[in-house]
Each structure stands twice: as C-alpha cells, then as structure tokens.
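Here is a short briefing to read alongside the model. Have the sequence and the 3D view open, and let us walk through the main points together.

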There are 2 protein chains.
Amino acid sequence: MFHDALVSFAERREIYMQISSRFTIAIHILACIDTFKDDYKVTSDFLAGSVNVNPVVIRRLLQQLKGAGIINVIRGSGGAVIAKPLSEITMLDIYNAVDSIENGELFHFHENPNKECPVGRNIHNVLDHKLDQIQTAMENEMRSITIQEIVEETKSYIQKEL
Amino acid sequence: MFHDALVSFAERREIYMQISSRFTIAIHILACIDTFKDDYKVTSDFLAGSVNVNPVVIRRLLQQLKGAGIINVIRGSGGAVIAKPLSEITMLDIYNAVDSIENGELFHFHENPNKECPVGRNIHNVLDHKLDQIQTAMENEMRSITIQEIVEETKSYIQKEL
DNA sequence: TTTGTCGTAATCTTTATTGTTACATCTGTA
DNA sequence: TACAGATGTAACAATAAAGATTACGACAAA
C-alpha cells in the first residue's frame with residue numbers, strides 16, 4: 001500500500017521554460033538590419049534605439065544569431081549584416097538560435113512525482129510523448145514562416161504610411 | 001530623420017509568459033483522481049503526495065479546475081471528483097483552466113518598440129498575426145488530445161508493471 | 001593613436017512562480 | 001453538539017529567470 005507514502009512532502013528543484021522576448025526582439029533586429037542595410041550602419045546602439053532595450057541586450061542577441069550562422073557582426077568598425085538569404089531563415093531557426101526556452105522543451109514538467117505512486121512513476125512516460133507532439137506542431141508552424149515574409153510585410157506597412 | 005531618435009534608451013514594463021508546471025501537475029491530478037476514485041478519497045494531501053508538492057499548491061489548482069467545470073471538490077468531508085466524461089476534457093481545456101500563460105498569449109512581445117522607427121512602429125502589426133498562427137497550431141494539437149487517452153495509457157503502463 | 005564599436009563579465013532590479021504557514025469555514029460523525 | 005479531518009484562501013518567504021546597467025578590454029579603420 002502506497003497511500004501513506006503519498007501523504008507526505010519533499011524538496012524539489014525545477015527548471016523554468018518560457019518563450020522570452022528574445023524571440024520577438026531577434027525578429028525585430030533582422031527586420032531592421034535588412035530594412036536599413038543600404039542607408040545606415042546598423043550598430044547595436046541603433047538597434048537598441050529601435051527595439052527600445054539596452055544595447056548590451058542587443059549585442060548578446062547578435063552573438064546568438066551569429067552563432068547560428070544567421071548574421072555576421074563586424075568588430076571594430078561596427079554593424080551587423082545578414083549572412084544568408086532571408087527566404088532560408090525561418091522563425092524556427094531564430095527560435096532555436098536565441099534559446100527561447102530552456103533545453104529545448106516548451107513545457108515545464110514537475111520534476112519529482114512520487115515513484116511510490118503508480119501514477120506518479122508513470123505519468124512522465126505518458127505525458128512526454130504528448131507534450132512532444134504539441135511542441136512539434138508548434139515548431140512545424142514556425143518552420144513554415146520565413147523572415148522574408150516578415151520583412152516584406154513590414155516594408156509594405158511602411159509603404160502604406162507614405 | 002529618425003536615426004538620432006533611435007540611438008537612445010527608455011524605461012519598460014513587461015509581462016512574462018510561460019507554460020508553467022501547473023499544466024502538467026493538473027494533468028497528473030486528473031489522472032490520479034480517476035485512477036484512485038474507487039479505492040481512496042482523493043484529498044489535496046493525497047494528491048500532494050503523488051505530485052510531490054505542497055498541498056496548498058494542489059488546492060489552488062483544484063480551485064482552477066473546478067472553476068472550469070472540470071472537477072468538483074467536496075468541502076468538509078473532502079476529496080475531488082471529475083465532473084464530466086474524460087473524453088470531453090482536452091489538454092486545451094486544462095491549459096486554459098490553469099492559466100498556464102499570461103493573458104492567453106504564448107509569446108512575450110517586447111513592449112515598447114520605438115514608434116519613431118518605421119520598423120519599430122510596424123513590427124507589432126506584422127508579427128502579431130504570425131505569432132497567433134503559431135499559437136493556434138499549438139492549441140489545435142492540444143485540443144486533439146483528451147484526458148481519456150492520458151488516463152488509459154497510464155493504466156496500461158500500470159498494468160505492465162504487474 | 002584616436003574614435004567608435006563589439007564582446008563579455010559582473011552585478012542589480014524586477015517579476016512570476018512556487019513553497020509554506022496559518023487559520024477560518026465547512027461537513028460528517030461519534 | 002463537539003470533534004476530526006478537509007477545504008478555501010490570505011499572507012508572506014524563497015527561489016529563479018529575465019532583463020537592465022555599468023564597466024572595460026579588444027578590435028579595426030581613419
């Protein structure tokens with residue numbers, strides 16, 4: 001009988017997961033780099049002004065995007081440029097690049113279900129697959145949207161303002 | 001020219017979003033209630049033992065699930081029971097019930113893009129639709145999975161142990 | 001060599017979540 | 001009707017992550 005074992009507590013240690021604003025900021029950054037590439041040197045200060053965050057936050061993101069081969073950052077003289085065709089950069093690439101969520105998992109699973117409980121020791125096995133299925137659906141949708149679309153729509157909005 | 005305006009900072013106020021462990025805990029709770037309904041009175045202490053969290057955390061979740069019409073909680077004598085057929089409870093129902101993410105939005109959008117920048121003042125319009133599209137894909141997948149499946153698979157895992 | 005910029009470490013602030021204690025309230029039962 | 005066992009919920013503490021900010025060394029072009 002596990003009933004008595006269940007009625008008790010324990011210490012825990014969990015990992016958080018969230019889709020942070022790094023994701024939308026990174027997209028914003030790429031849209032800026034492309035939009036202003038011919039007219040300005042797109043520095044971290046310039047981007048910080050458009051996004052409205054501290055330049056260091058931008059530089060950290062630029063490093064992550066560079067690490068993923070999405071952009072190049074020019075040391076010394078400054079500025080960032082896009083490293084490959086916009087049509088080949090998907091939302092998923094960016095999502096992965098900026099490490100939007102902890103260790104690639106969207107859901108925050110409670111860490112220590114009680115192994116003495118039949119449900120507690122099996123729930124992980126059951127749920128992991130389902131959670132994966134949900135996350136995959138999300139990632140597939142992300143993969144279907146390119147930065148090219150984003151930039152084109154942004155430019156069309158800007159056109160309409162004139 | 002907006003260049004000068006861009007190279008500057010500003011204060012901000014943001015809202016966090018994450019898929020908290022409340023979601024997986026709530027599923028765990030429902031699996032327990034159903035699995036043990038004939039053999040035990042499923043109290044918050046009992047559930048706390050299986051999930052391995054403080055009973056108050058469980059009670060808070062029970063209230064949220066009750067608010068969504070998913071379970072009933074018995075005051076006084078204690079215990080929780082499921083309020084409708086398991087096949088009619090989807091992962092999405094639970095996700096919504098436990099308020100897994102802030103104000104229904106999965107993505108944390110940076111709050112104050114600079115309105116003086118053509119990209120800054122349009123990025124929200126462009127992205128909102130795309131982010132919605134991604135979130136919808138995720139929610140559709142959630143809607144396709146019922147608690148019945150979860151419970152059945154859990155029971156089948158438990159069977160295999162014997 | 002000066003100037004502007006990147007790269008990055010270190011520290012602080014803010015915020016949400018979760019943990020915990022405490023206690024009023026409720027209900028079945030002795 | 002008093003008791004025992006639960007729930008309902010407020011209040012506060014502890015923990016953790018994100019993001020803000022400062023500082024400064026490294027670098028490249030003029």
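**How the two chains meet**

Between chain A and chain B there are 24 residue pairs in polar contact, both at pLDDT 80 or more; a polar contact is a pair of N or O atoms within 3.5 Å, where within protein one must be able to donate a hydrogen and the other to accept it, and residues adjacent in sequence count only if both atoms are side-chain atoms. This is a predicted model, in which local features need pLDDT of at least 70 and side-chain atom pairs count only at pLDDT 80 or more, while totals for chains, interfaces and linings use all residues. Residues are numbered from 1 along each chain as its sequence is written, chains are lettered from A and ligands numbered from 1 in the order in which they are written, and side-chain values use heavy atoms, with hydrogens and water left out.

**What chain A brings**

**Size and salt bridges**

- Six salt bridges link chain A and chain B, each a side-chain nitrogen of Lys or Arg within 4 Å of a carboxyl oxygen of Asp or Glu.
- Arg121(A) and Glu161(B) form a salt bridge through their side chains, at 2.8 Å from N to O.

**Symmetry**

- Chain A superposes on chain B by a rotation of 180° with 0.0 Å of shift along its axis, at an RMSD of 0.1 Å (least squares on the C-alpha atoms of residues with pLDDT of at least 70 in both).
- The two copies are therefore related as by a two-fold rotation axis.
- The same surface serves both copies, as 100% of the contact residues of chain A recur in chain B.

**A backbone detail**

- Asn52(A), in the loop between H3 and helix H4 (55-67) of chain A, has a positive phi near 75° without being a glycine.
- Asn52(A) counts as buried at 11% relative accessibility (buried means under 20% relative accessible area, with a 1.4 Å probe and protein chains only).

Definitions and conventions: Contact means heavy atoms within 4.5 Å. Helices (H or I, at least four residues) and strands (E, at least two) are DSSP runs, numbered from the N terminus. Buried means under 20% relative accessible area, exposed over 50%, partly exposed in between (1.4 Å probe, protein chains only).
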